[in-house]
Amino acid sequence: MMSSQILSDGELDREWWKEAVVYQIYPRSFSDGDGDGVGDLQGIIDRLDYVADLGVDVIWLNPVYDSPQEDNGYDISDYRTIYHEFGTMADWEALLEAVHDRDMRLVMDLVVNHTSDQHEWFQKSRQRDPAYEDYYIWREGDTDEDGEPVPPNNWESFFGGSAWEYDEVRGEYYLHLYDTSQPDLNWRNDAVRQDVFDTIEWWLEKGIDGFRMDVINLLSKVEGLPDGDPDSEWTGSEHFIDGPEMQSYLTALDEAVLSNYDVMTVGEMPQLTVESAREYAGTDGPLDMAFHFQHTKLDYDDGERWSVGDWSLPELKTIVDRWQDGLAADGWNTLYWENHDQPRSVSRYGDPENYRRESATLLGTFVLTLRGTPYIYQGQELGMTNADWETMDALRDVDAINHARELLERNGVDEYDDVREVVGYRTRDNARTPMQWDDSRNAGFTDGDPWIKVNPNYREINATAQRTDEESVYSYYRRLIQLRSDRDVLVYGDYTDLLPGHETVFAFTRSLSTDAGTERVLVVLHFDDGTETIDLPVEYADATLRECNYDRDDTDPEMVTLAPYEARVYELFD
Ligand code: GLC
């Protein structure tokens, strides 16, 4: 297969964002600098050496803009002000400088599918201020056969219930694909697009290094807003995902603004396919990269998010092959297990009770050795796990709270205990428990009362303990990040799946031939708690084991057998 990475003169088509490892910081839960129980910018500055020591290149910061925090900052009330609990614009500028001083880059979150209902634009829009009247998607409702008012169509909110809310002030319904406090902007309005472009430029002028673009393929809604198929995964989504104007909106943004800066852009894109990824983020596309969600649904039962299902390695490999092969000649992958919306990977795809260290390092090897840009979420490098959500009061996530209520109603039960297993497993709060710094009170996250519960396992799982332990998940991540940045083959090399159908072993090679010669790497990942002997169609003889999450060297006679959750990275020599 033609590789996109070699230019006609035999040189590599290098891009800094292809070579980078991104570390995601969720400010509310990272580190509290002022003792009010909420993480903040000063807290991040205080811990920046930790992030730099891990060896990552880019920090992606979840939203820090002014916001009523109904959806933890994804409901923005002012794009150009910092949320007061996180600090001030001066703190943010100090953070940017501190990040750049450490040779890292800073990527900000861009949330422009919707604003908060507290945003001035919405306040004016609901008052029918002529300049803002058309800034959101307003419609009159219908009436049902009893003459009762009903929403304009059957679209659903991702967080549960109808995607329409009736506004008393204006006397109309507005569309909100997420929480009722997050009205969708009307991108058909030229003034909206201009205001958003100006905001983006304003931040770029402040010297940031890129954007992660929140639910960016939802901007364009089909004209007429027709009813959606009620049996689909998200009712209405065929009319608002990858809508007709998407390419033109993003191309205009790229041409007018983004292309004037050396920045990276990564779009978060629900229901993304390989084909549309190439359109959005191929060589000629407006963005650099996109996040798809296919592997995050493996543990859904029958496609239902609020369920706990079994997953299988062959299914995961099918997805990986589809994306690695699909973007081999054009486009660039994102590699991730975790973010602020996903439960902890070791609790989903590993074994947090018996093989936490082994399975966390195995999962780390996966994201750090495939082709694409790895995204590591805070605490993933420690192998942090899901927490127990014993009562509904402990939950903070608007999505989980809404769905817990919906599940209680749907299942005809009134005890949280009856839905606790699924809600506790799936809630985004699992990713949002405070970063576990040390074994002191509140895991060293805050001197105050934390806004969300601390996972009690911080006494065993914390950064301080792991940094001095060569065998820890942290040390393993650090070594592998270093290896990736030392080896072009791990960034640019072609991918070949060696055992596509194997039930428990994922083995692949990366290989890169340039004018400088050929480099080859073999990765073997054993996704199971048993042992396994495999026969690989490559010569091990001249292979050198570079990294392994067990204490082994090449002379080990047990080498033919893979231990539980064993991960190996070899260099191959011809
Ligand atoms: C994205 C964000 C998520 C947020 C939602 C609405 O999926 O990652 O946290 O709730 O968009 O903005």
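**Group meeting: a walk through a predicted model**

Let me start at one residue: D103 is exposed, with a relative accessible area of 69%. Please keep in mind that what we have here is a predicted model. The position of D103 is the loop that runs between α5 (89-101) and β5 (105-110).

You will find D302 in the loop between β13 (289-291) and α10. Is D302 buried or exposed? D302 counts as exposed, at 78% relative accessibility.

Let's check its length together. Now, how many of the residues of α10 are buried? Ten of the 14 are, so the helix is mostly covered, where buried means under 20% relative accessible area. Among them are L316, I319, V320 and W323, and also K317 and D321. Here is a handy rule for helices. An α-helix has 3.6 residues a turn, so residues three or four places apart point the same way.

Of the 13 residues lining the largest cavity, H292, V320, T334, L335 and F366 are the closest to its centre. Which elements give two or more residues to this lining? They are α10 and β14 (334-335), and α10 gives the most, with five residues. The lining of the largest cavity divides into eight nonpolar, five polar and no charged residues.

The second largest cavity has a volume of about 40 Å³. Its lining includes R212, E268 and E338, and by class it has four nonpolar, two polar and three charged residues.

The largest pocket has a volume of about 830 Å³. It is lined by 42 residues, and the closest to its centre are F158, W234, R305, W306 and H403. Helix α13 (residues 398-410) provides the largest share of that lining, four residues. By class, the lining of the largest pocket has twelve nonpolar, 13 polar and 17 charged residues.

The second largest pocket holds about 440 Å³ of space. Of its 23 lining residues, E15, W17, G282, T283 and D288 are the closest to its centre. Its lining has nine nonpolar, seven polar and seven charged residues.

Three strands form an open sheet in the order β6-β10-β9, with antiparallel pairing. Why is one side of β6 and of β9 left without a neighbour in the sheet? Because β6 (138-139) and β9 (164-167) stand at the edges, each with a single partner strand. β9 pairs with β10 (residues 172-175) over four bridges, and E165 has Y174 in β10 as its bridge partner. As a reminder, strands of a sheet pair through backbone hydrogen bonds, either parallel or antiparallel.

Finally, let's zoom out. The domain assignment gives domain 1 (120-175) and domain 2 (491-573). The C-alpha centres of domain 1 and domain 2 lie 55 Å apart.

Technical notes. Residues are numbered from 1 along each chain as its sequence is written. This is a predicted model: local features need pLDDT of at least 70, side-chain atom pairs count only at pLDDT 80 or more; totals for chains, interfaces and linings use all residues. Side-chain values use heavy atoms; hydrogens and water are left out. Domain bounds come from an automatic or database domain assignment. On a 1 Å grid over the protein atoms alone, a cavity is a set of points where a 1.4 Å probe fits but cannot get out, and a pocket is an open set with protein on both sides within 12 Å along at least five of seven lines; lining residues have an atom within 4 Å of a point. Grid points are joined across faces, edges and corners, and a volume is the space filled by probe spheres set on the points. Ala, Val, Leu, Ile, Met, Phe, Trp, Tyr, Cys and Pro count as nonpolar, Asp, Glu, Lys and Arg as charged, and the others, Gly among them, as polar. Two strands pair if DSSP finds at least two bridges between them. Buried means under 20% relative accessible area, exposed over 50%, partly exposed in between (1.4 Å probe, protein chains only).
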